[in-house]
Each structure stands twice: as structure tokens, then as C-alpha cells.
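Here are a few notes on this one, as promised. Have a look at the model first, then read on.

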Amino acid sequence: MRPFGSAKALAVLLSIILLPAARPAAIPFHGRSMIVDVEKSSARGGPSPSSSSRATSNAASASASASPSANSNPKSSGPTTEVQGGLTGVLMTLPDQIADAGLKRIPDDQHPFIAPKPDDQRGPCPAMNVLANHGYIPRNGIATFEELTTGMMEGFNMEVHFAAGLSALNFVSRGNAFANKISIGGESILVPPLPGNIDGNVTGGIAKSGRFEGDASMSRIDANLGDNKNFVQSKFNLNLLQLGKFGDDGPDGNNTVVNVKTLVAMEKTLFELDQKQNPKFEFPARRMFAAYGQTAFLMAVFANGTTNATTLPILDAFFRNETFPENWFRAAVPITGGTNAKISSQIAAAIPTKPGRNNDKGEYVEDPEPPAPFNSSLPCAGYLDQANSTPAVLQNTTGIFKKNVDFLTGILFAAAKVNPGCTQFAPPSGPANV
């Protein structure tokens with residue numbers, strides 16, 4: 001197949017690989033971020049949980065009847081603030097779907113690109129970094145649940161429940177669900193530890209690996225091998241090479257438009273590379289589900305709304321420069337989790353790899369299959385595995401803290417149970433302070 005079969009396309013590729021990024025190289029970034037498909041997914045695969053799933057599957061079964069509702073936190077019920085241990089908690093609410101949810105040029109005049117300051121938080125998620133660089137979420141990289149959700153709706157025209165699912169996933173994993181604050185990068189004094197330091201004396205932020213963020217990033221190295229926050233051009237080049245082999249033809253030349261074949265090739269390459277380079281490589285169900293969902297994001301969310309296509313220059317803008325592409329329009333209709341799942345399910349179906357991890361010899365070993373009903377699909381296995389890596393101490397909370405935890409876990413369960421057979425609530429049951 002012709003790799004970038006035109007002089008124009010070759011010039012674009014070389015400019016991406018060889019020229020310095022438009023932003024300072026030291027400014028942090030994200031490669032596999034929080035773009036996970038958590039709603040209406042029908043992806044089928046060989047689901048297997050992480051090792052923590054095996055130890056806590058009974059807890060999920062015992063708590064099935066205690067599942068919270070995604071709507072258990074109405075906007076008008078009770079006080080909206082509370083103090084615990086000297087820390088003020090804020091009741092989370094689900095934002096309304098934005099009114100102007102149609103085709104729109106992004107960014108608008110109110111959201112120019114401004115490079116982050118040295119103390120601003122940026123992390124491994126390109127989408128979050130772009131939103132912060134343009135002020136769709138706070139430019140310092142510290143946001144509330146509502147700000148994250150609304151920013152994704154305004155910048156990318158993501159449907160409210162899809163955006164809320166991504167926000168919820170990050171908050172229960174690496175945010176302060178009581179104070180309603182999260183860092184899109186690393187630790188920050190602006191995000192205090194949870195009351196009583198029940199999850200350690202700092203709040204790690206989205207970039208901290210091990211719960212949601214993990215190995216086989218599109219543009220970052222594994223945390224076990226070094227800095228997982230900053231963009232790595234050499235790793236991202238591997239994705240561009242797959243685009244050059246399998247992409248469709250477009251205005252920028254041959255093989256310059258992202259398609260599913262490209263995404264499948266990207267995932268296979270990233271897995272093979274990191275599994276060999278990282279002795280402690282892990283790809284459990286939650287990470288596999290997230291990885292395929294995040295890769296699908298390239299076609300479902302990053303596509304120009306006027307063409308419904310993601311091209312080579314669009315990838316360059318979002319990943320390397322962390323800015324919206326020139327003359328880019330968000331989608332004409334709100335993007336749902338189901339839209340993303342149609343693509344991620346095709347990726348999963350084309351890759352036979354099952355969830356697992358490296359053993360002491362550096363050999364990849366599959367995880368055991370999760371118990372029923374979580375073995376019904378990869379999304380359901382990923383849901384259980386994610387719950388098994390979320391601190392169990394979040395269940396032992398009171399007041400607004402408890403309401404917020406129930407609100408967030410209710411959103412995640414509402415998304416998971418759309419998958420056929422995934423009818424059992426999985427409570428947070430993982431270790432704290434990791």
C-alpha cells in the first residue's frame with residue numbers, strides 16, 4: 001500500500017516528525033487520556049479483569065442491591081455545601097445539555113489559545129489539555145465535575161451523559177469527590193486530599209497511573225519507564241506510520257484520513273511495543289476498554305464536523321500542539337457514548353488479545369475471566385475491573401461526600417448496564433493510597 005502517496009502528504013508528515021512543537025517542549029501533555037467509551041457500548045471481546053478483580057468480585061455481588069441511581073443527586077435537594085475535617089465539600093450536579101448543540105467553529109473568539117503557565121496543570125490527555133489551553137475548562141487545569149462536563153460539551157459537542165461518564169470516571173479514580181476538584185495533570189495544592197486523608201495525603205490527579213491511566217498510550221511512555229505526562233514525538237510517529245499504511249485518501253494526500261483499519265493497526269503496534277519494553281506491562285480489562293475507547297475518540301470526536309473526517313493535520317494539532325485545528329468545527333449533533341462504542345467495538349473485534357499483564361519473565365499472561373455477569377462483554381468486565389481499582393473507602397463516607405460518591409458511581413453503573421447482561425452494580429472495592 002502507498003505510504004502517504006503524494007508529495008504534499010509526505011511534506012505534512014515530515015513537518016510533524018521533524019519540526020519542533022509549537023508549544024515549549026517542557027510543557028506537560030497526555031496521550032491516552034480520559035477518553036473512554038462508557039455509554040451504550042456493545043464491544044465484545046475476551047473480557048478478563050485485573051488481579052484485584054479476583055479478590056473483590058464477591059463484594060460486588062454482595063452490594064448489588066445497594067446500587068445508587070445516576071439521578072440520586074437532584075439539584076434542589078438539601079444543602080449544597082458541608083464542612084468535614086476543616087475541608088468544605090460541594091454537592092455535585094449534572095449540568096444541562098447545552099442549548100446550542102450544533103455545528104460550530106471551535107474555538108470561538110472567547111476561547112483563544114493561551115499557552116499554559118509553568119504552574120498550570122497539564123497531563124496525559126490531549127483532549128483535556130486542549131480544552132484548558134482554550135479556556136473551555138479552567139486554564140490552570142483544576143476543574144470541578146460540572147466544569148469538565150460542560151467543557152467537553154462546548155468544545156467537542158459531546159452529549160451530556162457521555163461527557164459526565166468521563167468526568168465521573170476520573171473523579172472516582174483520581175479526584176477529590178468531596179471538594180469537587182480534580183487536576184487534569186499531577187498533584188496540586190489546589191486539590192486537597194480527601195477528608196481524613198482516606199486516600200493518602202495528596203490527590204494524585206488524572207496523570208497518576210494505576211487506576212484509570214495506564215500503559216500503551218498513543219503518545220506517552222508507560223509510567224513504569226518514566227514521565228507519562230509529556231508528549232513523546234517518537235512514540236506518536238508510530239501512529240502516523242500506521243496512518244500512512246492504512247489511511248484513506250484525502251485533500252492532504254493519499255493515506256491521510258483516519259479509518260478503523262488505521263486505529264486497529266495503531267493499537268496492535270502500541271501493545272507490541274510496550275509489552276516488550278516494559279517489564280511490568282499491564283493491560284487489564286479496564287485499561288483495554290479505555291484504550292480502545294480512547295483510540296475510537298480520534299474518529300468519533302476529533303473529526304471535523306464539516307467533513308466527518310480526521311486527517312493528518314488534525315492529529316498534529318490535537319496531539320503535538322495541544323490546540324484546536326485551523327478551520328475546525330465540532331460535530332453537527334451531540335456525540336454519544338454509543339457513537340464512540342460503534343468504533344471501539346470494531347477495534348476490539350479485530351484484535352484477539354485478551355486482558356492480561358507481563359509475568360516475572362516478561363511474558364504476557366492473560367487474566368482469568370471475571371465472574372458472571374461481568375463476563376458478558378469487555379465493557380462490563382472493564383466496569384468491574386475499574387470498580388475493583390477504585391478505593392473501597394469511598395463507600396464509608398457520609399453527608400455530601402456520600403451523595404457525591406453515589407452520584408458518580410451511579411453514572412458509571414447507568415452507562416455499564418446498557419450492555420446486555422451487565423445488570424449488577426459493582427461498588428468501589430480497591431485499595432487506597434496507591
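1. A quick definition before the numbers: a cavity here is a set of grid points where a 1.4 Å probe fits but cannot get out, and its volume is the space filled by probe spheres set on those points. Keep in mind that this is a predicted model.

2. On that basis, the structure has two cavities of 30 Å³ or more. The second largest cavity comes out at about 160 Å³. It is lined by 18 residues, and those closest to its centre are Ser173, Gly175, Asp199, Thr203 and Arg211.

3. Now the cysteines. Searching the whole structure turns up one disulfide. The partners are Cys380 and Cys422, with their sulfur atoms 2.1 Å apart. This bond ties together distant parts of the chain, as the two cysteines are 42 residues apart. Cys380 sits in helix α11 (residues 378-387), while Cys422 belongs to the segment after α12 (399-416).

4. If you care about handedness: the torsion about the S-S bond of Cys380 and Cys422 is about 85 degrees, so this disulfide is right-handed. Are the two cysteines buried or exposed? Both Cys380 and Cys422 are buried.

5. One more cysteine to look at is Cys125. Its relative accessibility is 1%, so Cys125 counts as buried; the cut-off for that label is under 20%.

Technical notes:
Residues are numbered from 1 along each chain as its sequence is written. This is a predicted model: local features need pLDDT of at least 70, side-chain atom pairs count only at pLDDT 80 or more; totals for chains, interfaces and linings use all residues. Side-chain values use heavy atoms; hydrogens and water are left out. On a 1 Å grid over the protein atoms alone, a cavity is a set of points where a 1.4 Å probe fits but cannot get out, and a pocket is an open set with protein on both sides within 12 Å along at least five of seven lines; lining residues have an atom within 4 Å of a point. A disulfide is a pair of cysteine sulfur atoms within 2.5 Å. Helices (H or I, at least four residues) and strands (E, at least two) are DSSP runs, numbered from the N terminus. Buried means under 20% relative accessible area, exposed over 50%, partly exposed in between (1.4 Å probe, protein chains only).
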